[in-house]
Amino acid sequence: MTEEHTVHPLGTGAQILLSSVFGPYAQDDEYGSRTINPMELYHNQVTRVQGSFSLRMFHRSFGLMMIQSNIDAPCTLLDFPSLDRFITELRNHSYDVVGISSIIPNIGKVRKMCELIREYQPKATIVVGGHIANKDNLGDIIDADHICKGEGVRWFRRFLGQDTNEPVRHPMVHSGFDTRIVGISLPMRPGNTAAMLIPSVGCPVGCNFCSTSALFGGKGKHINFYETGDDLFAVMCELEKKLKVQSFFTMDENFLLHRKRALRLLELMEQHKKSWALFVFSSARVLESYTIEQLVGLGVSWVWMGLEGKESTYQKLKNVDTRSLVGHLQSHGIRVLGSSIIGLENHTPETIEQVIDYAVSHDTDFHQFMLYTPIPGTPLYEQHRQEGTLLSEEEMPLADAHGQYRFNYRHRHIHDGREEHYLLGAFRRDFEVNGPSLARLIRTFLAGWQQYKDHPNKRIRDRFAWEVRPLRTTYAGAVWAMRKWYRHDDRIMKKMESLLKDLYKTFGLLTRVTAPVIGRYVHYTIKREEQRLVRGLTYEPGSFYEKNAAAIALEKADPAKFTFKAPRIEWVTCENAPAQGR
Ligand code: SF4
C-alpha cells in the first residue's frame, strides 16, 4: 500500500470502476450495516423519531460522481450495489483500477470488497478514499494499493497522468431521490428536486470535531472547485438548463464564507433575473455578516447551521444570539436546520436537560442532534488519543461510532451508555414540543410569502411565488391531516389549527376547498405508514450503474467484450428489497 503519487502505466487508457459500499444498509449485519444508521441523511440524524413525518430521501455518492465526470479514462460507477451485484460486476467486466469510497463505520464492507477484488480481478489496482482515508493504520486493516486522502478529483487526474489544473466539470445530478414523507413518495418531476451544486470542499473554520473540515486539510484550508461567482453562475445555468431546476442544494460546508464569490453570484443573479433558491450550509457568524436583503436576494431559502450547544466556545458562534437569528431568518422565509451536539465537555447528567431545552427552544424547522464524537483526523480525536480516553475497537466497534448511538471514548461526566438515552430524549423533546418538521417548514414558507409577495423586485417575488405554490393545495392538505392526526394532543393540534387558518386566510377559497380533500388522503397515508413502520419497514436506495463518455465509446467500439448488460439504473426500492420485518 502506497500513498505517494505514482501514475498508472495505462494512464487514461486504464479502465476504472468506482463503487460505493454495498447494501442493504438499514439492517444489523456482520459487515457493519446498522438499522439505526440507514443510508438516509435526514432519517438517520435529523428526523429519526418523527415516524411517518420523517423526511426520507437518499443522496448519491457525489464524490464518486465528481471523479467520474473529471477523468478521461473509461469509468463505470456503481452506486449502492448489493454485495451480489458488486460480485457480478467483477465477474463480468475486467477493470484496471477499482476505487471505493466509504465512511469509517463501513470499514468491514471495504475490507470485504477489497478481498473480492483480489479474488476476481487480481491485477486491478485498488484505491480507497472518502472519510475512511483518515483512519489511522487503514492499510493494515484493508488490502488496498492506494489510500486517497482528501480531494479525489486531483488525485485521480494525477494518477492517470492528466493535467490536475483543468477546469472541474460538474456532474449534472439532482440532490436527492426516492423522497418520501407522510407515507407518500414524491415523484421526480422537473423542478421538484434541487440540483446538487458543489462549489468547494472543506471548511477553514476548523472546529475541533469536524471531520469534513479535517478531511480537506483542517483549519485554514479548503479547496475551491469554482473560484469565482462567474464560474459558479455558469455551472448553475448549465444545471438549470439540463435538469430543469430552479433550486440548488449547495454542498459546500460554509458556502457564504466565500463572500466575494457569493456576492458576485448575487450580482449575476440580479443581472440575469434568476429567481433561484439556494439551500446552503453556513456558520452563524458568517450568516450574520450578510444583510437579510443579500440573503434573500441570493435566494437563500434553507440553511443548515451549527448551534452546537449552550455555552459552547466555538468562535463561529461568538456573540451570536442564535435563537434570535433563527427567528429572524424564518420570518423572512428561510428554513433553518439547526445542529446541536449532545455530550460536549461541559455536559453532565445534571445539566443535560437544560442543554436539550435550550436546543429545542430554537424551534428550528429541522433539528439534527449528534453525539460529540472524535473521528480520526480531527483535533478532537487527537486530543482523546493523547489523553488515552479513546475506547478500543473491541469496546466500541467502528461500525457503531457513527454519532447516533454511543460515545467512542470515556466521557468525563456521562457514563454507562446514558448518552444514547439523552440523544433520543433530545430528538423526542424537539418533536413533542415543536411538532412535525413538515408543519414547521410550511409555517416558514408562509412567513416568507407574507413578507415578500408584494416585493418591488419581480425576481424576488417570483421566487417566493414558485416556492409556495404547493402551500395552496398539497401542503395545506398535509396541515389539515396533521391537525386531525394530533386531535388528542391539544397543544400541537392548536398549532396546526392556527397554521391552517393562516393558510386559508392567505390563499382563499381554492385552499379551503382542496385542503380537506387532500387532507383526508394524507391522513390515510400517515396511518398506513405508521403501521408499516411498526412492522419494521425500512427503506433502501436504488442501485445505479453509469458509464462516462469514454466508457460508452469503449463499449461501442468493441461490443463483444461487453456481453453482460446491466440496466443504467437498477431500482431496489422498498417494494422489492429484501423484506426487513415487513
Ligand atoms: S463551521 Fe461547520 S463546517 Fe466549518 S469546521 Fe465548523 S462544523 Fe465544520
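**Figure 1. Glycine 536 in the loop between helix H20 and strand E17 of the predicted model.** Helix H20 covers residues 509–534, and strand E17 covers 543–547. Glycine 536 sits in the loop that joins them. The model is predicted, not experimental. Glycine 536 is partly exposed, at 29% relative accessible area. That value falls between the cut-offs, under 20% for buried and over 50% for exposed. Its C-alpha lies 10.0 Å from that of threonine 35. Along the chain, glycine 536 and threonine 35 are 501 residues apart.

**Figure 2. Valine 534 in helix H20.** Valine 534 is part of helix H20. Is valine 534 buried or exposed? Its relative accessible area is 73%, so valine 534 counts as exposed. The C-alpha of valine 534 is 9.2 Å from the C-alpha of glycine 51. In sequence, valine 534 and glycine 51 stand 483 residues apart.

Figure 3. Valine 479 is buried, with a relative accessible area of 0%. Valine 522 is 43 residues from valine 479 in sequence. The C-alpha atoms of valine 479 and valine 522 are 9.3 Å apart.

**Figure 4. Serine 247 in strand E12.** Strand E12 spans residues 247–250 and contains serine 247. Serine 247 has a relative accessible area of 6%, so this residue is buried. Beyond four places in sequence, serine 247 touches Thr193, Ala194 and Ala195, among others. Its contacts also include Ala277, Phe279 and Trp466.

**Figure 5. The buried residues of helix H12.** Helix H12 covers residues 322–331. Thr322, Leu325, Val326, Leu329 and Gln330 are buried there. Down the axis of H12, these buried residues fall within an arc of 130°, so they line one face of the helix. An α-helix has 3.6 residues a turn, so residues three or four places apart point the same way. What covers the buried residues of H12? Helices in the cover include H10 (284–288), H11 (292–297), H13 (352–360) and H16 (437–452). Strands E14 (300–308) and E15 (335–342) are also part of the cover.

**Figure 6. Helix H14 and the glycine that follows.** Helix H14 runs over residues 379–387. Its buried residues are Leu380, Tyr381 and His384. Viewed down the axis of H14, they fall within an arc of 100°, so they line one face of the helix. Glycine 388 follows H14. Phi of glycine 388 is positive, near 70°.

**Figure 7. Two residues other than glycine with positive phi, glutamate 308 and asparagine 319.** Glutamate 308 belongs to strand E14. Its phi is near 60°. Glutamate 308 is buried, with a relative accessible area of 4%. Asparagine 319 lies in the loop between E14 and H12. Phi of asparagine 319 is about 60°. Is asparagine 319 buried or exposed? Its relative accessibility is 76%, so asparagine 319 counts as exposed.

**Figure 8. The cis peptide bond from glycine 23 to proline 24.** Omega of this bond is near 0°. Proline 24 sits in the loop between strand E1 (16–20) and helix H1 (41–45).

**Figure 9. The whole chain, as context for the close-ups.** The chain has 21 helices and 18 strands. Its C-alpha trace spans about 70 × 55 × 50 Å along the principal axes. Of the 582 residues, 59% count as buried. Among contacts between residues at least 6 apart in sequence, 76% join residues at least 24 apart. The accessible surface comes to about 24,200 Å². Carbon and sulfur atoms account for 52% of that surface. The chain carries 72 positive and 67 negative charges. The mean positions of the positive and negative charges are 8 Å apart.

Definitions and conventions: Residues are numbered from 1 along each chain as its sequence is written. This is a predicted model: local features need pLDDT of at least 70, side-chain atom pairs count only at pLDDT 80 or more; totals for chains, interfaces and linings use all residues. Side-chain values use heavy atoms; hydrogens and water are left out. Helices (H or I, at least four residues) and strands (E, at least two) are DSSP runs, numbered from the N terminus. Buried means under 20% relative accessible area, exposed over 50%, partly exposed in between (1.4 Å probe, protein chains only). Contact means heavy atoms within 4.5 Å. Accessible areas come from the Shrake-Rupley method with a 1.4 Å probe; for residues, only the protein chains shown count as cover. Lys and Arg count as positive and Asp and Glu as negative; His and the chain ends are not counted. The place of a charge is taken as NZ of Lys, CZ of Arg, CG of Asp or CD of Glu. The arc is that of the directions from the helix axis to the C-beta atoms.
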